[in-house]
Amino acid sequence: VHSRCSRLLLTRSDPAGEVNPAFQRRWFILKGPQLEYYKKKDGGSLTGTIDLGTYKAVAPLGEYAEKGFAFSISAPGLRTFVLAATSEDERESWIDAIEGFLAASDTRQSEFQRPSREERRAILLGQGRREGYLRKRGQNVKSWKFRFFSLDGTKLAYYRRMGDPVPLNALNVSSFSNVAPADGFTDAGFAFALRSPARTYILAASTNEERHEWIEALLHAMGSDVATADYGSVVS
């Protein structure tokens with residue numbers, strides 16, 4: 001049984017389009033295809049159940065940023081559930097856990113397999129732009145997940161997969177202080193660390209050359225002199 005506490009729950013719209021915009025704190029428990037929610041962590045009476053087997057999609061939302069890291073569970077003709085987690089990692093964990101129980105999950109599985117070699121190879125799009133798959137290490141749950149990264153100027157956004165319309169998160173690279181190779185993560189590939197005062201992101205490329213190219217692109221976006229930069233090394 002996977003359980004998480006979602007900090008906020010937006011009361012859903014029904015098929016007629018009525019919306020209650022208020023968010024309410026609820027405790028969620030995922031039991032197979034049933035996502036149950038309660039008013040309190042210690043249980044008590046069940047407030048409601050979402051039958052994931054009747055739903056088609058779960059996706060991050062760019063809206064409701066003031067409420068947290070929002071995502072939706074939806075299907076044509078059914079209520080749309082909008083929830084907000086307390087962190088990007090928590091939202092990713094919820095989306096990953098829910099996906100396998102959605103309707104037509106057998107068909108969907110082929111869409112979520114490891115990216116192809118061509119997709120994983122980073123695409124250099126010109127000065128100030130770069131895209132490609134990298135592995136990202138979770139902040140709270142220390143696991144590695146493939147994410148599609150897009151660097152455009154000083155904006156570094158990452159998505160669950162290439163082509164998604166809404167990123168899981170978007171970072172302002174100019175606020176970061178350093179990017180350098182990261183030791184101690186050989187199980188994931190060629191790792192490097194992107195540091196800010198608030199957090200360090202650990203990412204991993206498929207090859208050393210690809211890691212070098214990403215570091216150079218990020219240093220350029222941060223305003224560093226790539227030609228003379230000493231990458232150094234970050235030891236985990």
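Reader: What percentage of the residues of the protein count as buried?
Author: This is a predicted model, in which local features need pLDDT of at least 70 and side-chain atom pairs count only at pLDDT 80 or more, while totals for chains, interfaces and linings use all residues. Residues are numbered from 1 along each chain as its sequence is written, and side-chain values use heavy atoms, with hydrogens and water left out. Of the 236 residues, 44% count as buried, where buried means under 20% relative accessible area, exposed means over 50%, and partly exposed lies in between (1.4 Å probe, protein chains only).

Reader: Why is D96 called partly exposed?
Author: The relative accessibility of D96 is 28%, and therefore D96 counts as partly exposed. D96 lies in helix α1, where helices (H or I, at least four residues) and strands (E, at least two) are DSSP runs numbered from the N terminus.

Reader: Which residues is D96 in contact with, leaving aside its neighbours within four places in sequence?
Author: They are K145, R147 and R160, and contact here means heavy atoms within 4.5 Å.

Reader: What makes F28 and W94 an aromatic pair, and of which kind?
Author: Rings of Phe, Tyr and Trp (its six-membered ring) pair if their centres lie within 6.5 Å, and planes under 30 degrees apart count as stacked, over 60 as edge-to-face and the rest as tilted. The centres of F28 and W94 are 6.2 Å apart and their planes are at 80°, so the pair is edge-to-face. The pair links distant parts of the chain, since F28 is in strand β2 (residues 23-31) and W94 is in helix α1 (residues 88-99), 66 residues apart. Both F28 and W94 are buried, and ring pairs link F28, Y37 and W94 into a cluster.

Reader: How do you know that R199 lies over the face of Y201?
Author: A charge sits over a ring if NZ of Lys or CZ of Arg is within 6 Å of the ring centre and within 35 degrees of the ring normal. R199 is placed over the face of Y201 at 4.0 Å from the ring centre, and R130 likewise lies over the face of W214, at 5.1 Å.

Reader: What is the length of helix α4 compared with, and which of its residues are buried?
Author: The expected span of a helix is 1.5 Å times one less than its number of residues. Helix α4 (residues 208-222) has 15 residues and reaches 21 Å from its first C-alpha to its last, close to the expected 21 Å. Its buried residues include W214, I215, L218 and M222. An α-helix has 3.6 residues a turn, so residues three or four places apart point the same way. Just after α4, G223 takes a positive phi of about 90°.

Reader: How do you know that strands β13 and β14 pair?
Author: Two strands pair if DSSP finds at least two bridges between them, and β13 (residues 178-183) and β14 (residues 190-195) have 4 bridges in the antiparallel sense, so they pair. The bridge partner of N178 in β14 is R195. In this hairpin, which has 6 residues between the strands, G184 takes a positive phi near 90°.

Reader: Which face of strand β5 is covered, and which is uncovered?
Author: In β5 (residues 57-60), V58 and P60 make up the covered face, whereas A57 and A59 make up the uncovered one. Strand β6 (residues 69-74) runs antiparallel to β5 and is joined to it by 4 bridges, with I73 as the bridge partner of V58.
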